[in-house]
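Please look through the sequence and the structure shown here, and then read the briefing that follows, which is grouped by topic.

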Amino acid sequence: MKKIFSVILICLSVFPLGIVRASELKLAENAKSAILLEPTTGEIIFEKNSHEKLHPASMTKMMSMLLVVEAIEKGVINWDDIVTVSENAASMGGSQILLEVGEQMSVDDLFKGVAVASGNDAVVALAEKIGGSEAIFVDMMNDRAKELGLTDTNFKNPHGLDEANHYSSAYDMAMIAKELVKHPKVLEYTSIYEDYLRQNTDRKIWLVNTNKLVRFYTGVDGLKTGYTSSAGYCLTATAKKNNSRFIAVVMGEADSKTRNKEISEMLDYAFAQYEVETMLSTNSVVATKEIEKGKQKYAEIVPLYEVTFLNKKGTNKQNASYEIETDLLKAPIKHGDIVGNLVIKQDNEVIRTVPVTVKIDIEKANILELYWRHLTDIFKGDVNL
């Protein structure tokens with residue numbers, strides 16, 4: 001298929017970043033492993049033993065939450081669906097929202113119970129709703145990990161309680177978090193500091209976020225804590241200030257105070273030293289392409305994701321450019337359908353590729369509409385006879 005290119009130069013503070021290792025920067029000194037990154041570019045700012053395989057504890061639930069929100073977005077389940085709690089889910093120990101066998105609760109409330117209170121019983125109930133069984137859901141978790149290219153991870157359960165061969169790494173946890181923050185709805189839950197379930201009943205339960213930074217660090221709106229005796233104290237946190245968001249992970253901390261302190265220091269460093277610059281938003285029209293058999297003859301093409309750059313503060317402006325690559329486009333096409341790629345270049349070197357989509361849905365034209373368009377084109381002289 002023929003590819004179509006258009007090139008535009010834009011002046012940006014593009015600065016090639018190198019990973020800062022633990023020996024070069026005094027961050028996360030007490031953690032067994034750690035990582036700090038910017039999610040829209042995937043740029044790693046700092047890392048320490050980031051690929052070491054460790055028990056992730058309840059940070060495991062980030063993958064569970066990712067599968068839940070993806071299932072909702074695909075229409076497999078809905079937020080208001082009612083889940084009947086199984087004996088297996090109700091029997092979960094550790095952190096829980098005190099589900100009882102046969103109790104019925106909405107997906108919305110169960111998800112809140114996972115995101116805020118880290119409920120083991122709630123995440124198993126959701127796992128069984130989506131997978132049909134906990135075991136099948138765990139297979140789905142591992143399949144999704146492979147799709148994301150995670151090589152340090154193997155899940156044996158959806159909750160994170162210690163189990164043989166259940167492991168992950170700070171890097172893989174950050175990659176799951178990077179995917180999770182693409183879903184703003186998730187952050188609406190993980191940013192809740194306190195709330196209630198079963199309001200107006202005699203089994204009302206108070207939820208308090210296990211991630212205290214949601215309350216005590218400005219900009220933190222997620223994501224997940226973890227603790228078991230084998231894992232130690234773990235945390236994947238994300239914070240946003242102005243246009244910049246960062247993700248920080250620590251694993252194997254000695255206590256929650258140290259965990260929170262070292263995550264805070266990592267985020268402080270990121271916000272002090274770096275800033276995110278937006279090259280193109282998801283509403284930026286990067287090209288206009290003809291649509292074969294569409295109700296509209298032309299469609300505006302936009303990036304599927306924001307195109308951003310992570311810059312060291314105070315760096316000089318440099319030129320960046322992009323090219324649009326698309327094949328022949330045929331209706332119908334929906335917003336979100338990938339129709340080509342945006343190739344970002346610096347000094348003629350490809351530094352990133354971002355999928356593109358149509359700005360609005362394009363329906364297929366009927367035969368009368370196509371015939372009328374053909375006559376109009378003849379009248380305008382746009383058709384060779």
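With a relative accessibility of 18%, Lys345 counts as buried, because buried means under 20% relative accessible area, with exposed being over 50% and partly exposed in between (1.4 Å probe, protein chains only). This is a predicted model, in which local features need pLDDT of at least 70 and side-chain atom pairs count only at pLDDT 80 or more, while totals for chains, interfaces and linings use all residues. Residues are numbered from 1 along each chain as its sequence is written, and side-chain values use heavy atoms, with hydrogens and water left out.

- Lys345 is placed in strand 18 (residues 340-346), where helices (H or I, at least four residues) and strands (E, at least two) are DSSP runs numbered from the N terminus.
- The side chains of Lys345 and Glu323 are joined by a polar contact of 3.3 Å, a term for a pair of N or O atoms within 3.5 Å of which, within protein, one must be able to donate a hydrogen and the other to accept it, and for which residues adjacent in sequence count only if both atoms are side-chain atoms.
- Glu70, in helix 1 (residues 61-73), also counts as buried, at 11% relative accessibility.
- Leaving out residues up to four places away in sequence, Glu70 touches Arg144 and His183, contact meaning heavy atoms within 4.5 Å.

**Nonpolar cores**

- The largest nonpolar core has 66 residues, of which Met62, Ile97, Leu110, Phe111, Phe155 and Val249 touch the most other members; such a core is a set of buried Ala, Val, Leu, Ile, Met, Phe, Trp, Tyr and Cys residues joined through side-chain atoms within 4.5 Å.
- Helix 1 supplies the largest share of this core, nine residues.
- Another core, of 28 residues, lies apart from it and includes Val214, Ala248, Met266 and Ala270.

**Aromatic rings**

- Six aromatic pairs are found in a search of the whole structure, where rings of Phe, Tyr and Trp (its six-membered ring) pair if their centres lie within 6.5 Å, and planes under 30 degrees apart count as stacked, over 60 as edge-to-face and the rest as tilted.
- The rings of Trp79 and Tyr189 are stacked, because their centres are 5.2 Å apart and their planes are at 15 degrees.
- Phe111 and Tyr189 form an edge-to-face pair, with 5.0 Å from centre to centre and 75 degrees between the planes.
- Phe111 lies in helix 3 and Tyr189 in helix 7, so this pair ties together parts that are 78 residues apart in sequence.
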